[in-house]
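Try each task before reading its solution.

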Amino acid sequence: MTSVALAVTDGMLHFELGLACEVFGSAPDAVRVPWYDLALCGPKAVRVGPFRLEPDHGLDRLSRADTVIVPGWADVDREPPADLVDAVRAAHEAGARVASLCTGAFVLAAAGLLDGRRATTHWAHTRVLAARHPRVRVDPDVLYVDDGGVLTSAGKAAAMDLCLHLVRLDHGSSVANTVARNLVVPPHRDGGQAQFVSTPVPAPDHHPLAGLFPWVIERLDRPLTVEDLARRAGMSSRHLGRHFRSVTGTTPLQWLLTQRIRHAQELLETTDAGVDAIAAATGMGTATTLRRHFNRTVGVPPDAYRRTFRARTGPAPADGSREGTTPGTAAAGTMEAWQQRATATPPTRN
C-alpha cells in the first residue's frame, strides 16, 4: 500500500487540502486495488482557511511517506514556516515523491526542490515565483508539471488534475477514470491554464464543439481527418482549429491522438486484446503505428504498459463489473467517461 502524507500547517488553503483528502483518503466502491494510506501531518492543531484541523502525525512523518503532498500556501508574500520547509526537504532526500498543489509550489521552491526544474503554480503567481526563485523554470501555461519525483500543479481545479495524474501513475488509467467518475470530474483535461486567464470558456452544452466531441469518441476506430471533423461541425478547417484551441488548448489532430492513446491505455488495462486489435479499435491502423505513438506519448511500449497495470489491478472479476474482454465491449463500457472528459470545460479561473 502506498503511503501519502499531507503536509498541513497554519496558512494552508482548505480547498486543495480537502481535494487531496477526497482523492487519496478512500477508494470508490468500484476500485478493487489496495488504496493509499493517508496521513495528515502537522506541527500542532492548525488553522486551514476557516477550519481548525488536528493532524494525525507530526511533520517528521513526511520523511517516511512514499508521496508527500503540499497543499496551497495562502500568503505567497510570506515565507513558509522553516519546520515545514525542512520537513519537505527531508522527505525528498529520503526518497519520497513530492507534489505541490497550487501555491504549495512556493514551499517546494523554498526547500530548493524546484531548483533547475520545470514547475508551475497558479497563473496569478507565476511571475512572483519566477522572480523570487530564478533557478526555477516556471511554466505559466500548463495545468501541472511532472518533473520526475517532483510535481507541481497550477491553481485550484488543476490540483485535481495532478491528483488524478498521481493515481494514474500508481494504478493506471482505468482506476483513475473510475475515481474521476465518482467525483464527477473529467479524468483528464487537455490544454493549459493559459486558456483560463482572461477568456471565458462556454459551458459544455453550449460551446460550438459540444456535439462534435461525443461523435468523435464513438468513432475512434475510424481514420478521421481534420476535414471530417470540420464537416461534421459545419465549419471550415481553419475555423475548427480556432475553436479547438480556445476550448481545449490544443489542435484537432493532437486532441484526436490523445483520445486514441487514452482509449488504448484502457484497452490494455482491461482487456486481453492483442496490440493489432487495439490498434484497429483505436484508429491507429497498425501495431507499429500504435507502438510508435504510444511509446512517444506514454513513455513505455504498449506491452510493458499492460504488464505493469494488469499486474497491479489483477484479472477482471467474474461478475463482469469491469469493462469486458474485447475492444468493443471495453469501448462501450467506458463511453460515458470518454464523453464526459471530451466535453468537460473548466470554469474561467482555475
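Axes here are lines fitted to C-alpha atoms, for helices over the stretch in contact, and angles run from 0 to 180 degrees between N-to-C directions. Helices (H or I, at least four residues) and strands (E, at least two) are DSSP runs, numbered from the N terminus. The model is predicted, so local features need pLDDT of at least 70, side-chain atom pairs count only at pLDDT 80 or more, and totals for chains, interfaces and linings use all residues. Residues are numbered from 1 along each chain as its sequence is written, and side-chain values use heavy atoms, with hydrogens and water left out.

**Exercise 1.** Find at what angle the axes of helix H6 and helix H10 cross.

Step 1: Take H6 as residues 173–183 and H10 as residues 252–270; their axes come within 8 Å and cross at roughly 110°.

Step 2: Angles of 65 to 115 degrees count as roughly perpendicular, so H6 and H10 are roughly perpendicular to each other.

Step 3: Look at the contact (heavy atoms within 4.5 Å). From H6, Ser173, Ser174, Val175 and Asn177 meet Gln265, Glu266, Glu269 and Thr270 of H10.

**Exercise 2.** Work out which strands are joined to E5 by bridges.

Step 1: Strands pair if DSSP finds at least two bridges between them. Strand E1 (residues 3–7) runs parallel to E5, with three bridges, and Val4 is opposite Thr67 of E5.

Step 2: Strand E6 (residues 97–100) is also parallel to E5, through four bridges; there Val70 has Ser100 as its bridge partner.

Technical notes:
Angles under 35 degrees count as roughly parallel, over 145 as roughly antiparallel, 65 to 115 as roughly perpendicular and the rest as oblique.
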